[in-house]
Number of protein chains: 2
Amino acid sequence: MADQNHYAKIPEPALRRLPWYLSYVKLLKSQGETIVSSTQIARKIDVSASQIAKDLSYVDIHGKTRVGYEIDDLIYVLETFLGFTKTHRAVVFGVGSLGAALLSDSGLEQFGLKIIAGFDVNESLVNKKIHTIPVYHSSEFIERNSSMNARIGVLTVPPGYAQEVSEYMISGGIKGIWNFTPFRIRVPEGVVLQNTSLYAHLAVMFNRLLS
Amino acid sequence: MADQNHYAKIPEPALRRLPWYLSYVKLLKSQGETIVSSTQIARKIDVSASQIAKDLSYVDIHGKTRVGYEIDDLIYVLETFLGFTKTHRAVVFGVGSLGAALLSDSGLEQFGLKIIAGFDVNESLVNKKIHTIPVYHSSEFIERNSSMNARIGVLTVPPGYAQEVSEYMISGGIKGIWNFTPFRIRVPEGVVLQNTSLYAHLAVMFNRLLS
């Protein structure tokens, strides 16, 4: 419990920055470095050294004054803290082009997301496999998930179905929804929601390119 | 020029919300609705009606007091403003699992992003096609882009190469970089950068699920 309370304390912006530090520190390791300071990280990443030190204070690591962090320790602690070393079972709802693309992205598994099945209502996709991952009819989800025990649901259905499908996923045991649709779904308290709106990023890019 | 200055004025958070409104209004249209008010949008989306009205004031549309917006007009104006109705030519650098997945995601084209080629240094990928899109050797980019004229570069290389490859893309005419790596690249002024860190979203979800 103490550990869980500790986890819960980190603010989301800090949490979102930790993967940047991890990425940079892994790069340093690949270059043969063994020690890194927050000042050194700050020079490469648009975050101040004091913010970096503060962010890292949420994870269980302590740098040595005027020396820095042991890179191996820092990588281990960050990967563990971020949950990248555990396996989190997930399903994908909506095996259209983006959903199918995510089923094919084996890179997610390196970060701890193991997609174990896709679900769709399109009969031409059902009972086929995409890159070794089976696709089932959506109507089978609740029964199948009673044994599969996926806790994360990736939402890539057409926006008009996003709310309804997310409620259905939750009724089948999903505790975290990764919403790729541009629709703003609502989830009950206790369910974790992350929105990744590729189209919003595109909109910003297109708009700024015009300027 | 007036038009361009007008475009430049909208703050990024407002710009990011516009695709949510668009998505919801398209859903209403599919349900046969013809008029929508900001109050009605607010009820479905976690944004206040006054914020919605303010966000929509940046685009060239005017609602009627106590009536609302014509849905067809609103869709047209939003899609145009967001750049989804134009074709923006893009290339993908790094045809690993995520890069290949993006080459396969034809959904992006519906939002105006047309990926015309992939580039990689892996000889086993070069001169092949992924879903009709050709993959070339990275060293050919500058020459090829002098005729392809892609202005957007999607960055899906390993993080250790992210900075170097983004500079290379810029030298070949890329004006906007969509960075999917967890590495914080730096770009010169005038180049548009959008970061989509799938891993940061995963990290937040994993961490919150633990709590």
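Me: Is Glu140(B) buried, partly exposed or exposed?

Reply: This is a predicted model, and the answer rests on values computed from it. Buried means under 20% relative accessible area and exposed means over 50%. Glu140(B) has a relative accessibility of 27%, so this residue counts as partly exposed.

Me: How many residues apart in sequence are the parts tied together by the salt bridge of Asp55(B) and Arg17(B)?

Reply: The side chains of Asp55(B) and Arg17(B) meet at 2.7 Å, N to O, and both residues are buried. Asp55(B) lies in helix α4 (residues 49-57) of chain B and Arg17(B) in helix α2 of chain B, so the pair ties together parts whose separation in sequence is 38 residues.

Me: Which residues does Arg17(B) touch, not counting those up to four places away in sequence?

Reply: Arg17(B) belongs to helix α2 (residues 12-30) of chain B, and a relative accessible area of 17% makes this residue buried. One of the residues touched is the salt-bridge partner already named, Asp55(B). With residues up to four places away left out, the list reads Val47(B), Gln51(B) and Asp55(B).

Me: In the salt bridge of Asp72(B) and Lys29(B), how many residues apart are the two?

Reply: The side chains meet at 2.7 Å, N to O. Asp72(B) is partly exposed, with a relative accessible area of 48%, and Lys29(B) is partly exposed at 42%. The pair links distant parts of the chain, with Asp72(B) in helix α5 (residues 71-82) of chain B and Lys29(B) in helix α2 of chain B, and the separation is 43 residues.

Me: How many salt bridges does the rule find across the interface of chain A and chain B?

Reply: A search of the whole structure finds twelve salt bridges over all chains. Across the interface of chain A and chain B, the rule finds 15 residue pairs in polar contact, both residues of each pair being at pLDDT 80 or more. For salt bridges across that interface, however, the count is zero.

Me: What area do chain A and chain B bury between them?

Reply: The contact takes 66 residues from chain A and 66 residues from chain B. Of the area that chain A buries against chain B, Arg184(A), Met205(A) and Phe206(A) supply 11%, more than any other three residues. Carbon and sulfur atoms carry 68% of the area buried between the two chains, which comes to about 6,300 Å².

Me: Which element gives the most residues to the side of chain A that touches chain B?

Reply: The elements that give two or more residues to this side include α1 (2-9), α2 (12-30), α6 (97-104) and α10 (198-210) of chain A. The residues of this side divide into 37 nonpolar, 17 polar and twelve charged. The element that gives the most, with 13 residues, is α10(A).

Me: In chain A, which residue has the C-alpha nearest the axis that relates the two copies?

Reply: A rotation of 180° with 0.0 Å of shift along its axis superposes chain A on chain B, with an RMSD of 0.0 Å. The two copies are thus related as by a two-fold rotation axis. In chain A, the C-alpha nearest this axis is 2.2 Å from it and belongs to Ala101(A).

Me: How many of the eight residues of α6(A) are buried?

Reply: Among the buried residues of α6(A) are Leu98(A), Gly99(A) and Ala101(A). The helix is largely enclosed by the rest of the structure, because the number of buried residues among its eight is six.

Me: What distance separates the C-alpha atoms of Tyr161(A) and Ser48(A)?

Reply: Tyr161(A) lies in the loop between β7 (152-155) and α9 (162-171) of chain A, and a relative accessible area of 46% makes this residue partly exposed. The C-alpha atoms of chain A fill a box of roughly 60 × 50 × 35 Å, taken along the principal axes. Tyr161(A) and Ser48(A) are 113 residues apart along the chain, and the separation of their C-alpha atoms is 42 Å.

Terms used
Residues are numbered from 1 along each chain as its sequence is written. Chains are lettered from A and ligands numbered from 1 in the order in which they are written. This is a predicted model: local features need pLDDT of at least 70, side-chain atom pairs count only at pLDDT 80 or more; totals for chains, interfaces and linings use all residues. Side-chain values use heavy atoms; hydrogens and water are left out. Copies are superposed by least squares on the C-alpha atoms of residues with pLDDT of at least 70 in both. Helices (H or I, at least four residues) and strands (E, at least two) are DSSP runs, numbered from the N terminus. Buried means under 20% relative accessible area, exposed over 50%, partly exposed in between (1.4 Å probe, protein chains only). Contact means heavy atoms within 4.5 Å. Buried area is the accessible area (1.4 Å probe) that two parts lose on being put together, summed over both. A salt bridge is a side-chain nitrogen of Lys or Arg within 4 Å of a carboxyl oxygen of Asp or Glu. A polar contact is a pair of N or O atoms within 3.5 Å; within protein, one must be able to donate a hydrogen and the other to accept it, and residues adjacent in sequence count only if both atoms are side-chain atoms. Ala, Val, Leu, Ile, Met, Phe, Trp, Tyr, Cys and Pro count as nonpolar, Asp, Glu, Lys and Arg as charged, and the others, Gly among them, as polar.
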